[in-house]
Amino acid sequence: MFFRTGFAALCAAATLSAAPLAAQDYPERPVEFIVPWSPGGGSDTLMRLVAGNIQPHLGVELPIINMPGVGGTVGLREASRRKADGYTISQVHEGLLVATETGITDLAWSDFEPIALMTASPQYLVVHPTDDYGNLEEFVSYAKENPGEITIGVTLGGVPHLHAAMIEQAFDIQFSYVGYEGTGERVRALVGGNLDAAIGDISSSQEFVENGDLQFLAVGSPERVEETPDVPTFMELGADLELYVTRGIVMPKGAPQEARDKMEAALEALSKDETYIEQTNNAGASVMFRGQDGYRAYLEKLDATVTSLSEVLAQ
(Lines give C-alpha, C1' and ligand atoms only; values in the text may rest on other atoms or scores of the structure.)
Protein backbone atom coordinates (compact mmCIF):
# COMPACT_ATOMS: atom_id res chain seq x y z
CA MET A 1 0.00 0.00 0.00
CA PHE A 2 2.78 2.41 0.94
CA PHE A 3 4.61 1.62 -2.30
CA ARG A 4 1.53 2.28 -4.43
CA THR A 5 0.76 5.50 -2.53
CA GLY A 6 4.34 6.71 -2.72
CA PHE A 7 4.58 5.85 -6.41
CA ALA A 8 1.33 7.71 -7.14
CA ALA A 9 2.62 10.76 -5.29
CA LEU A 10 5.84 10.70 -7.30
CA CYS A 11 3.87 10.48 -10.55
CA ALA A 12 1.67 13.39 -9.53
CA ALA A 13 4.71 15.46 -8.63
CA ALA A 14 6.33 14.64 -11.97
CA THR A 15 3.16 15.66 -13.82
CA LEU A 16 2.98 18.98 -11.99
CA SER A 17 6.61 19.77 -12.69
CA ALA A 18 6.33 18.84 -16.39
CA ALA A 19 3.92 21.65 -17.28
CA PRO A 20 6.20 24.53 -16.26
CA LEU A 21 9.12 22.75 -17.91
CA ALA A 22 7.21 22.49 -21.19
CA ALA A 23 6.37 26.20 -21.00
CA GLN A 24 10.01 27.01 -20.36
CA ASP A 25 10.99 25.07 -23.49
CA TYR A 26 8.79 27.16 -25.84
CA PRO A 27 9.52 27.58 -28.67
CA GLU A 28 10.84 24.15 -29.55
CA ARG A 29 10.46 24.58 -33.32
CA PRO A 30 10.08 27.41 -35.86
CA VAL A 31 7.00 29.61 -35.53
CA GLU A 32 5.13 30.16 -38.81
CA PHE A 33 4.55 33.80 -39.67
CA ILE A 34 1.51 34.38 -41.90
CA VAL A 35 1.93 37.78 -43.57
CA PRO A 36 -1.47 38.57 -45.12
CA TRP A 37 -0.02 40.74 -47.88
CA SER A 38 1.88 40.23 -51.13
CA PRO A 39 5.69 40.03 -51.21
CA GLY A 40 7.40 43.38 -51.69
CA GLY A 41 4.80 45.63 -50.08
CA GLY A 42 5.28 47.77 -46.99
CA SER A 43 3.90 45.23 -44.52
CA ASP A 44 5.83 42.37 -46.11
CA THR A 45 9.08 44.35 -46.07
CA LEU A 46 8.74 45.36 -42.42
CA MET A 47 7.70 41.90 -41.27
CA ARG A 48 10.63 40.31 -43.09
CA LEU A 49 12.88 42.56 -41.03
CA VAL A 50 11.24 41.16 -37.89
CA ALA A 51 11.67 37.59 -39.11
CA GLY A 52 15.22 38.19 -40.28
CA ASN A 53 16.46 39.59 -36.98
CA ILE A 54 14.53 37.81 -34.24
CA GLN A 55 16.29 34.43 -34.02
CA PRO A 56 18.95 35.58 -31.49
CA HIS A 57 16.14 36.79 -29.22
CA LEU A 58 13.57 33.99 -29.78
CA GLY A 59 15.88 31.05 -30.45
CA VAL A 60 14.05 29.80 -33.55
CA GLU A 61 13.26 31.03 -37.04
CA LEU A 62 10.04 32.71 -38.21
CA PRO A 63 9.46 31.34 -41.72
CA ILE A 64 7.16 33.73 -43.61
CA ILE A 65 4.13 32.55 -45.54
CA ASN A 66 2.55 35.25 -47.73
CA MET A 67 -1.25 34.93 -48.01
CA PRO A 68 -2.57 38.09 -49.70
CA GLY A 69 -6.15 38.89 -50.62
CA VAL A 70 -9.17 41.04 -49.74
CA GLY A 71 -7.29 43.71 -47.85
CA GLY A 72 -5.29 41.28 -45.76
CA THR A 73 -8.29 39.31 -44.54
CA VAL A 74 -7.54 36.05 -46.42
CA GLY A 75 -4.30 35.44 -44.55
CA LEU A 76 -5.77 36.58 -41.24
CA ARG A 77 -8.70 34.19 -41.70
CA GLU A 78 -6.24 31.34 -42.13
CA ALA A 79 -4.27 32.47 -39.08
CA SER A 80 -7.43 32.60 -36.98
CA ARG A 81 -8.15 28.95 -37.86
CA ARG A 82 -4.71 27.68 -36.95
CA LYS A 83 -4.15 25.66 -33.77
CA ALA A 84 -3.73 28.06 -30.85
CA ASP A 85 -0.47 26.55 -29.65
CA GLY A 86 1.86 29.52 -30.06
CA TYR A 87 3.38 28.24 -33.30
CA THR A 88 1.50 30.59 -35.64
CA ILE A 89 1.68 34.37 -35.64
CA SER A 90 0.31 36.96 -38.05
CA GLN A 91 0.29 40.72 -38.60
CA VAL A 92 -2.43 43.34 -38.49
CA HIS A 93 -2.72 47.06 -39.02
CA GLU A 94 -5.51 49.63 -38.92
CA GLY A 95 -6.96 48.33 -42.17
CA LEU A 96 -8.45 45.31 -40.41
CA LEU A 97 -10.48 47.51 -38.06
CA VAL A 98 -11.82 49.52 -40.99
CA ALA A 99 -12.61 46.35 -42.98
CA THR A 100 -14.50 44.93 -40.00
CA GLU A 101 -16.56 48.06 -39.43
CA THR A 102 -17.42 48.57 -43.10
CA GLY A 103 -18.55 44.95 -43.54
CA ILE A 104 -15.72 43.76 -45.78
CA THR A 105 -15.07 40.97 -43.27
CA ASP A 106 -16.65 39.57 -40.12
CA LEU A 107 -13.16 38.96 -38.76
CA ALA A 108 -12.08 41.37 -36.01
CA TRP A 109 -8.88 42.16 -34.16
CA SER A 110 -10.52 40.71 -31.03
CA ASP A 111 -10.45 37.29 -32.75
CA PHE A 112 -6.71 37.29 -32.02
CA GLU A 113 -4.35 37.65 -29.08
CA PRO A 114 -2.42 40.93 -29.50
CA ILE A 115 1.26 40.28 -28.75
CA ALA A 116 3.15 43.45 -29.66
CA LEU A 117 2.95 46.55 -31.78
CA MET A 118 6.30 46.77 -33.59
CA THR A 119 6.42 49.58 -36.16
CA ALA A 120 4.64 52.82 -36.86
CA SER A 121 4.59 55.20 -39.78
CA PRO A 122 3.21 58.54 -38.57
CA GLN A 123 0.79 60.15 -41.00
CA TYR A 124 0.68 63.84 -41.89
CA LEU A 125 -1.95 66.29 -43.01
CA VAL A 126 -0.36 67.55 -46.22
CA VAL A 127 -1.64 70.53 -48.18
CA HIS A 128 -1.00 72.35 -51.40
CA PRO A 129 0.42 75.77 -50.42
CA THR A 130 -2.22 78.49 -50.53
CA ASP A 131 -2.85 82.00 -49.23
CA ASP A 132 -6.02 80.77 -47.53
CA TYR A 133 -4.14 79.01 -44.70
CA GLY A 134 -0.52 78.60 -43.67
CA ASN A 135 -0.86 76.47 -40.53
CA LEU A 136 -3.30 74.05 -38.94
CA GLU A 137 -5.19 76.71 -36.99
CA GLU A 138 -5.84 78.71 -40.16
CA PHE A 139 -6.72 75.50 -42.03
CA VAL A 140 -9.35 74.60 -39.41
CA SER A 141 -10.77 78.12 -39.40
CA TYR A 142 -11.03 78.10 -43.20
CA ALA A 143 -12.67 74.66 -43.16
CA LYS A 144 -15.24 75.80 -40.60
CA GLU A 145 -16.09 78.87 -42.66
CA ASN A 146 -16.23 76.84 -45.89
CA PRO A 147 -17.71 73.41 -45.05
CA GLY A 148 -17.10 70.82 -47.74
CA GLU A 149 -14.95 73.11 -49.86
CA ILE A 150 -11.59 71.53 -49.03
CA THR A 151 -10.95 68.46 -51.20
CA ILE A 152 -8.86 65.77 -49.56
CA GLY A 153 -7.33 62.72 -51.22
CA VAL A 154 -7.76 59.37 -49.45
CA THR A 155 -8.16 55.67 -50.14
CA LEU A 156 -11.93 55.40 -49.74
CA GLY A 157 -12.83 52.83 -47.10
CA GLY A 158 -9.15 52.52 -46.15
CA VAL A 159 -6.82 53.80 -43.45
CA PRO A 160 -6.29 57.27 -45.05
CA HIS A 161 -10.07 57.69 -45.15
CA LEU A 162 -10.17 56.81 -41.45
CA HIS A 163 -7.47 59.35 -40.63
CA ALA A 164 -9.20 62.15 -42.56
CA ALA A 165 -12.49 61.34 -40.82
CA MET A 166 -10.72 61.45 -37.45
CA ILE A 167 -9.48 64.96 -38.29
CA GLU A 168 -13.01 65.98 -39.28
CA GLN A 169 -14.38 64.63 -36.01
CA ALA A 170 -11.67 66.21 -33.85
CA PHE A 171 -12.13 69.71 -35.27
CA ASP A 172 -15.82 69.53 -36.26
CA ILE A 173 -15.11 70.27 -39.93
CA GLN A 174 -16.18 68.72 -43.23
CA PHE A 175 -14.11 67.65 -46.23
CA SER A 176 -15.01 66.62 -49.76
CA TYR A 177 -13.38 63.22 -50.35
CA VAL A 178 -11.62 62.17 -53.54
CA GLY A 179 -10.61 58.52 -53.81
CA TYR A 180 -7.19 57.25 -54.92
CA GLU A 181 -5.76 53.74 -54.74
CA GLY A 182 -2.39 54.55 -53.23
CA THR A 183 -0.44 57.21 -51.36
CA GLY A 184 1.79 58.05 -54.31
CA GLU A 185 -1.19 58.64 -56.60
CA ARG A 186 -2.93 61.07 -54.28
CA VAL A 187 0.28 62.93 -53.41
CA ARG A 188 0.98 63.44 -57.12
CA ALA A 189 -2.55 64.77 -57.54
CA LEU A 190 -1.93 67.16 -54.66
CA VAL A 191 1.34 68.38 -56.17
CA GLY A 192 -0.48 68.94 -59.46
CA GLY A 193 -3.06 71.15 -57.80
CA ASN A 194 -5.95 68.73 -58.24
CA LEU A 195 -6.50 68.50 -54.48
CA ASP A 196 -6.30 70.83 -51.52
CA ALA A 197 -5.08 68.29 -48.98
CA ALA A 198 -4.13 64.66 -48.51
CA ILE A 199 -3.03 62.16 -45.92
CA GLY A 200 0.63 61.34 -46.53
CA ASP A 201 3.85 60.26 -44.89
CA ILE A 202 7.52 61.18 -44.97
CA SER A 203 8.51 58.73 -47.69
CA SER A 204 5.80 59.94 -50.07
CA SER A 205 5.77 63.67 -49.34
CA GLN A 206 8.93 65.05 -47.76
CA GLU A 207 10.77 65.62 -51.05
CA PHE A 208 7.88 67.76 -52.29
CA VAL A 209 7.74 69.64 -48.99
CA GLU A 210 11.46 70.41 -49.19
CA ASN A 211 10.97 71.68 -52.76
CA GLY A 212 8.15 73.97 -51.61
CA ASP A 213 5.50 72.13 -53.63
CA LEU A 214 3.69 70.84 -50.53
CA GLN A 215 3.39 71.70 -46.84
CA PHE A 216 3.07 69.53 -43.73
CA LEU A 217 0.49 71.09 -41.40
CA ALA A 218 0.56 68.54 -38.58
CA VAL A 219 1.73 65.03 -37.74
CA GLY A 220 -0.23 62.31 -35.96
CA SER A 221 2.46 61.23 -33.49
CA PRO A 222 2.48 62.06 -29.74
CA GLU A 223 5.82 63.87 -30.14
CA ARG A 224 7.42 65.70 -33.04
CA VAL A 225 9.20 63.52 -35.57
CA GLU A 226 12.98 63.85 -35.77
CA GLU A 227 12.95 64.19 -39.57
CA THR A 228 10.37 67.02 -39.42
CA PRO A 229 11.15 68.93 -36.19
CA ASP A 230 9.27 72.06 -37.26
CA VAL A 231 5.98 70.24 -37.87
CA PRO A 232 3.68 70.35 -34.81
CA THR A 233 1.69 67.38 -33.60
CA PHE A 234 -2.10 67.37 -33.53
CA MET A 235 -1.83 66.87 -29.76
CA GLU A 236 0.17 70.08 -29.40
CA LEU A 237 -2.66 71.84 -31.16
CA GLY A 238 -5.36 70.49 -28.88
CA ALA A 239 -6.57 67.35 -30.65
CA ASP A 240 -6.16 63.89 -29.09
CA LEU A 241 -5.20 62.30 -32.39
CA GLU A 242 -2.80 59.47 -33.16
CA LEU A 243 -2.61 58.92 -36.90
CA TYR A 244 -0.41 55.95 -37.69
CA VAL A 245 -0.09 53.03 -39.99
CA THR A 246 1.11 50.49 -37.44
CA ARG A 247 2.15 46.89 -37.81
CA GLY A 248 1.60 44.53 -34.90
CA ILE A 249 2.00 40.84 -34.18
CA VAL A 250 -0.92 38.63 -33.11
CA MET A 251 -1.53 34.96 -32.29
CA PRO A 252 -4.69 32.88 -32.74
CA LYS A 253 -7.23 33.35 -29.95
CA GLY A 254 -6.49 31.15 -26.94
CA ALA A 255 -2.75 30.81 -27.50
CA PRO A 256 -0.99 29.82 -24.25
CA GLN A 257 -0.03 32.74 -22.02
CA GLU A 258 3.49 31.35 -21.71
CA ALA A 259 3.92 31.44 -25.49
CA ARG A 260 2.51 34.97 -25.67
CA ASP A 261 4.85 36.16 -22.93
CA LYS A 262 7.93 34.62 -24.54
CA MET A 263 7.08 36.02 -27.98
CA GLU A 264 6.42 39.44 -26.45
CA ALA A 265 9.79 39.36 -24.63
CA ALA A 266 11.62 38.39 -27.82
CA LEU A 267 9.92 41.16 -29.79
CA GLU A 268 10.72 43.70 -27.08
CA ALA A 269 14.38 42.68 -27.18
CA LEU A 270 14.29 42.97 -30.98
CA SER A 271 12.83 46.48 -30.71
CA LYS A 272 16.06 47.55 -28.99
CA ASP A 273 18.35 45.87 -31.57
CA GLU A 274 20.32 48.61 -33.35
CA THR A 275 20.57 46.69 -36.62
CA TYR A 276 16.83 46.10 -36.69
CA ILE A 277 16.09 49.74 -35.82
CA GLU A 278 18.35 51.00 -38.61
CA GLN A 279 16.83 48.63 -41.17
CA THR A 280 13.30 49.64 -40.16
CA ASN A 281 14.15 53.33 -40.42
CA ASN A 282 15.67 52.75 -43.85
CA ALA A 283 12.39 51.11 -44.88
CA GLY A 284 10.52 54.33 -44.04
CA ALA A 285 9.06 53.35 -40.65
CA SER A 286 9.91 53.75 -36.98
CA VAL A 287 10.14 51.15 -34.26
CA MET A 288 7.40 51.76 -31.71
CA PHE A 289 7.11 48.84 -29.31
CA ARG A 290 4.01 48.29 -27.20
CA GLY A 291 3.57 44.98 -25.41
CA GLN A 292 0.41 42.92 -24.96
CA ASP A 293 -1.36 45.33 -22.63
CA GLY A 294 -0.31 48.50 -24.45
CA TYR A 295 -1.12 47.09 -27.87
CA ARG A 296 -4.54 45.88 -26.73
CA ALA A 297 -5.29 49.33 -25.27
CA TYR A 298 -4.27 50.98 -28.56
CA LEU A 299 -6.55 48.67 -30.56
CA GLU A 300 -9.47 49.16 -28.15
CA LYS A 301 -9.20 52.95 -28.38
CA LEU A 302 -8.87 52.87 -32.17
CA ASP A 303 -11.77 50.43 -32.48
CA ALA A 304 -14.05 52.82 -30.60
CA THR A 305 -13.00 55.63 -32.94
CA VAL A 306 -13.59 53.53 -36.06
CA THR A 307 -17.03 52.50 -34.79
CA SER A 308 -17.96 56.14 -34.19
CA LEU A 309 -17.00 56.94 -37.80
CA SER A 310 -18.59 53.91 -39.43
CA GLU A 311 -21.21 55.88 -41.39
CA VAL A 312 -18.57 58.18 -42.89
CA LEU A 313 -16.27 55.28 -43.81
CA ALA A 314 -19.06 53.32 -45.48
CA GLN A 315 -19.86 56.15 -47.91
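What is the volume of the second largest pocket? The legends below take up this pocket and other sites of a predicted model.

**Figure 1. Lining of the second largest pocket.** The volume of the second largest pocket is about 210 Å³. Its lining is made up of Met 166, Gln 169, Ala 170, Asp 240, Leu 241, Glu 242, Arg 290, Ala 297, Tyr 298, Lys 301, Leu 302 and Thr 305. Two or more of the lining residues come from each of helix H7 (159–171) and helix H12 (292–308). H12 gives the most, with five residues. Sorted by class, the lining of this pocket holds six nonpolar, two polar and four charged residues.

**Figure 2. The largest cavity.** Searching the whole structure gives one cavity of 30 Å³ or more. The volume of the largest cavity is about 50 Å³. Around the largest cavity are Pro 36, Trp 37, Gly 71, Gly 72, Leu 76, Gln 91, Val 92, His 93, Gly 95 and Leu 96. E3 and helix H5 (94–101) are the elements that give two or more residues to this lining. By class, the lining of the largest cavity has five nonpolar and five polar residues, and no charged residues.

**Figure 3. The largest nonpolar core, with Leu 125 as one of its members.** The largest nonpolar core has 50 residues, of which Leu 125, Phe 139, Ile 167, Phe 171 and Phe 234 touch the most other members. H7 gives the most to this core, with six residues. Leaving out residues up to four places away in sequence, Leu 125 touches Leu 136, Phe 139, Ile 152, Ile 167, Ala 197, Ala 198, Gln 215, Phe 216, Leu 217, Ala 218 and Phe 234.

**Figure 4. Asp 85 and its contacts.** Asp 85 sits in the loop between helix H4 (73–81) and strand E3 (88–92). Beyond its neighbours within four places in sequence, Asp 85 is in contact with Tyr 26, Arg 29 and Pro 256. With Arg 29, the side chain of Asp 85 makes a polar contact, side chain to side chain, at 3.4 Å. Asp 85 and Lys 253 are 168 residues apart along the chain, and 9.6 Å separates their C-alpha atoms.

**Figure 5. Ser 271 in the loop between helix H10 (257–270) and H11.** Ser 271 counts as buried because its relative accessibility is 9%, under the 20% cut-off. Residues up to four places away in sequence aside, Ser 271 touches Met 118, Tyr 276, Ile 277, Val 287 and Phe 289.

**Figure 6. The start of helix H11 (residues 274–282) and the residue Gly 284 that follows H11.** At the start of H11, a side-chain oxygen of Asp 273 comes to within 2.9 Å of the backbone nitrogen of Thr 275. Gly 284, which follows H11, has a positive phi, near 90°.

**Figure 7. Asn 53 in helix H2 (residues 42–53).** With a relative accessible area of 13%, Asn 53 falls under the 20% cut-off and is therefore buried. Not counting residues up to four places away in sequence, Asn 53 touches Leu 270, Thr 275, Tyr 276 and Gln 279.

How values were computed
Residues are numbered from 1 along each chain as its sequence is written. This is a predicted model: local features need pLDDT of at least 70, side-chain atom pairs count only at pLDDT 80 or more; totals for chains, interfaces and linings use all residues. Side-chain values use heavy atoms; hydrogens and water are left out. Helices (H or I, at least four residues) and strands (E, at least two) are DSSP runs, numbered from the N terminus. Buried means under 20% relative accessible area, exposed over 50%, partly exposed in between (1.4 Å probe, protein chains only). Contact means heavy atoms within 4.5 Å. On a 1 Å grid over the protein atoms alone, a cavity is a set of points where a 1.4 Å probe fits but cannot get out, and a pocket is an open set with protein on both sides within 12 Å along at least five of seven lines; lining residues have an atom within 4 Å of a point. Grid points are joined across faces, edges and corners, and a volume is the space filled by probe spheres set on the points. Ala, Val, Leu, Ile, Met, Phe, Trp, Tyr, Cys and Pro count as nonpolar, Asp, Glu, Lys and Arg as charged, and the others, Gly among them, as polar. A nonpolar core is a set of buried Ala, Val, Leu, Ile, Met, Phe, Trp, Tyr and Cys residues joined through side-chain atoms within 4.5 Å. A polar contact is a pair of N or O atoms within 3.5 Å; within protein, one must be able to donate a hydrogen and the other to accept it, and residues adjacent in sequence count only if both atoms are side-chain atoms.
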